[in-house]
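We'll start at a ligand and then move over to a contact between two chains.

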Amino acid sequence: MTAAIRLVSVQKHFGGISVAEDISLEIHAGEILGLIGPNGAGKTTLFNLISGIHAPDGGEIYLGDQPLSRLPIYKRARLGIARTWQHVRLFPTLSVLDNLLMGPRDYPGAGTDERAAAILARVGMSEARDKMPGELPFGQQKLVALARTLMNDGKVLLLDEPMAGVEGQVYETIKQVVRDEAKAGRAVCVVEHNVSFIRDLCTRAVFMFNGRIEQQGTVEELLASEKLAELYFGGKKGETRS
Amino acid sequence: MEYIYSVLILIGINIIMASSFNLIIGYGGLISIAHPIFFALAGYCSAIVSMKFGVPIPLAIVLGTLFSTVLSVALSLPSLRVSGDYLLIASIGFQLGFVEVIKNIEAAGAASGLTGIPALYSGPLRSPAFVVTILAVAALVVWLVHRMTHGDYGRAIQAMRDDEECFTSLGRNATAIKVAIFAVGSGVAGLAGALYAHYSQFLSPEQFGIIQSGLILTMVVVGGMGTTWGPVVGALLLTALPQAITFVNLPTAIMAPLQGMIYTGLVLLFLFVRPQGLMAKKVRQ
Amino acid sequence: MFELPILLQIGWTSLATSTYYVLFAVAFALTLKVAQVWNFVQAGVMGLAFYAMYAAMLKWGWPTAAGFTFGLAVAVAAAVASEVWGYRVLRRRRSPGLLLFIFAIVVAEFVAYLLSLLFGTEPQSLKKSLVSEVHLVGGVAITAWDLEALGITIAACAALAFYLRRTRQGQFMQAVADNGELAELYGISANRAYVIAMAIAAILVSIGIYLYGTRASMIPNAPLELILLAVIATILGGIGSLAGAAISAVFLSVLQSASILVIPSQWQSSLTYVVLFVVILFFPTGFRLPAWMAAKMRAR
Ligand SMILES: Nc1ncnc2c1ncn2[C@@H]1O[C@H](COP(=O)(O)OP(=O)(O)OP(=O)(O)O)[C@@H](O)[C@H]1O
Ligand SMILES: [Mg+2]
């Protein structure tokens, strides 16, 4: 089976520091891959490299068989790379519905209003469709951002800390959506500090540290690893950062 | 009466220039000072093809407008591909450079100006006909800019200005939108220039200097960037104001810099005291 | 036409005239690097410095040193004022970059109009006679001005390099340029670094405009064109690199002088604009060393 997305020896430096060092990674359709690692490990940077915000210094990224590194950001999105942001980033001057309408691969596109309504219903946010993002509590903003990403109907879904600052009903909704998206055949990659979320959802996980992949395997293997505990939690195993 | 017609025409031209510049700077968030040069390029192009090649005037006006549009794409596409900042720099080069070039081209009348441009209308009703044409075009332009910046396309422009990186990551081509905005805005300036050429029948490099850039910018900033009616109000006010000054008979050596100081001084004043301009209700964050 | 002595002469003269371009370019690159603004206000600062010197030296009959110092003082005051009452206010309000740009360019224009109102648009220079003593060295005419200009410029650049590398304040400024927020965390005031950068740039610009004014004549609109060359040099040299800006300025100056050999003189002034577009099209992130050379440099 070919991978939905494949990174081959991807490298990136910022000034003197290496934030991606020889990263090779595959994510398959239908899989949920957990990407974990302490602050500054380079997780967000990896998403930025895949989505085209940063150009790699070396290596290549393939979507199916298509090399991406020469394509601009928007073309990658149109090929089916959809992502969320660690800092939500809704358009503050557009309503929730209009935020979603920016999301499909073709804009304005036919039938998008109906799709937007359906997706809003899926994340339980139909009521908020005409509100401005600033009027919503943080958790609901995250749901809207997730919904906007779903409008892409992409092949690859990159979620940057979807659970940070989220609890209760919103937490459950996001979990369900992520599960369903993988079932629908998307390759999902989740950056999360929340270990129980990773444990519940991910089949496989990758541990990053200082721009390198330190270890990969099943979630159980990673969580049992001494090295991870040491690098991540400074020895105190089982704790998570909020 | 002739005086009133000429002021009305000037107001119409300035509304067209300010509205189209507002599209570029206020809605597109693209800074360029080269707006007057697109006015000039179309004016000269239209004048020359009608004088030298006998092209009928309406067709010449269309050609002039297209000429400005095409050149605006040639300016904006390479600079915008790098970053928004480069557009300003390229536009300064474009503005100063083309004035220099026009001054050296004999066929364009060089520094002393191009005379004998055929008029679009002639006869006793010439002036009112021009007034109607130009005010109608002005109204059309205000409507066009309003349409472009509201509705689906307008929302996309808004989102692009809110957060360009996020916008492009959703699959939207921000560069294409910016180039389109710049091309439409510059094309409209070109249309104004071509109409003006066949009204005044005279063009000279002095008419498109950096002082005009300052004037148009003042109209937009004072009226309110990114509003439909701001540039219209700005154009009305700032066309009337210098008319008032011309009644005080000052020598040009004092007059020209004084006008320039008033325009730039007003921009600075508004920038700090009322950055949203006259027509905006609240400060947009 | 392409004989050796002529080429040598053009080479030497353009090297000498590049001195003020170097100073303008380094000043522009410095404020861009430290304060992250495309500081077109510098065109205004140039104009003010020149006309202050002009008034002092030629209208009031002050000695050269006093006139220069006066121009310098006016320039530094104007530059610091633009930072404190202009940029800082806009930054504090979190104004979009658009407004900072507009502010800078409009201030430059405002000053140009003010100066035309006060001094007219006739070309002026800082000396009654621009003829300078000439020595012939191997067939190449070397003027006293050439030597003075080169000496002063090299000294100014060396002083700046020393300041940035060796003094505490200079290192603070580097830190702010690299990461303003982080520097603030370490107790380095970014605002202070901006003010100092503006002041240093004003000093460089004053020296440059003095050299310019003792060799060529000036009109109130000229600084806007002069600054454009500084901008091109800054981009070509790679944003953030002062040495790159300086070297590019020399290159541009030589290119401009050498163009006399191949294009008619009335088109010479348009060359700057052509270069601008070539740079933006082909070297938007500065002229880069070939990859293997860059790798070698990094390895060191
Ligand atoms: N645009 C940039 N320029 C320079 N350095 C950057 C840039 N973006 C990220 N970095 C640096 O790269 C390193 C990795 O950052 P990244 O955001 O990828 O970490 P992360 O794993 O997502 O951490 P966190 O869990 O805090 O989100 C950090 O040291 C960061 O400071
Ligand atoms: Mg991160």
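**Around ligand 1**

A backbone N or O atom of Gly40(A) sits 2.9 Å from an oxygen atom of ligand 1. Before going on, some ground rules: this is a predicted model, where local features need pLDDT of at least 70 and side-chain atom pairs count only at pLDDT 80 or more, while totals for chains, interfaces and linings use all residues. Residues are numbered from 1 along each chain as its sequence is written, chains are lettered from A and ligands numbered from 1 in the order in which they are written, and side-chain values use heavy atoms, with hydrogens and water left out.

Back to the ligand. Asn39(A) puts a polar side-chain atom 2.8 Å from an oxygen atom of ligand 1, and a polar side-chain atom of Glu161(A) lies 3.5 Å from an oxygen atom of ligand 1. On its own, ligand 1 has 630 Å² of accessible area, and the protein covers 64% of that (Shrake-Rupley method, 1.4 Å probe).

Which elements give two or more residues to the shell around ligand 1? They are strand E2 (17-27) and helix H1 (43-51) of chain A, both taken from DSSP runs (helices are H or I, at least four residues; strands are E, at least two). H1(A) gives the most, with three residues. There are 15 residues around the ligand, and Asn39(A), Lys43(A), Thr44(A), Thr45(A) and Gln86(A) come nearest (a residue is near if one of its heavy atoms lies within 4 Å). By class, the shell has five nonpolar, eight polar and two charged residues; here Ala, Val, Leu, Ile, Met, Phe, Trp, Tyr, Cys and Pro count as nonpolar, Asp, Glu, Lys and Arg as charged, and the others, Gly among them, as polar.

Now for the protein-protein side. Chain B and chain C bury about 3,600 Å² between them, 81% of it on carbon and sulfur atoms (buried area is the accessible area, 1.4 Å probe, that two parts lose on being put together, summed over both). In chain B, Tyr86(B), Ile89(B) and Phe272(B) lose the most area to chain C, together 19% of what that side buries. The count of salt bridges between the two chains is zero (a side-chain nitrogen of Lys or Arg within 4 Å of a carboxyl oxygen of Asp or Glu).

Which helices of chain B each supply at least two residues to the side that touches chain C? Helix H3 (57-82), helix H4 (84-104), helix H9 (210-223) and helix H11 (252-273) do. H4(B) gives the most, with 13 residues. The residues on this side of chain B divide into 27 nonpolar, nine polar and two charged.

Conventions: Polar contact = N/O pair within 3.5 Å; in protein donor to acceptor, adjacent residues only side chain to side chain.
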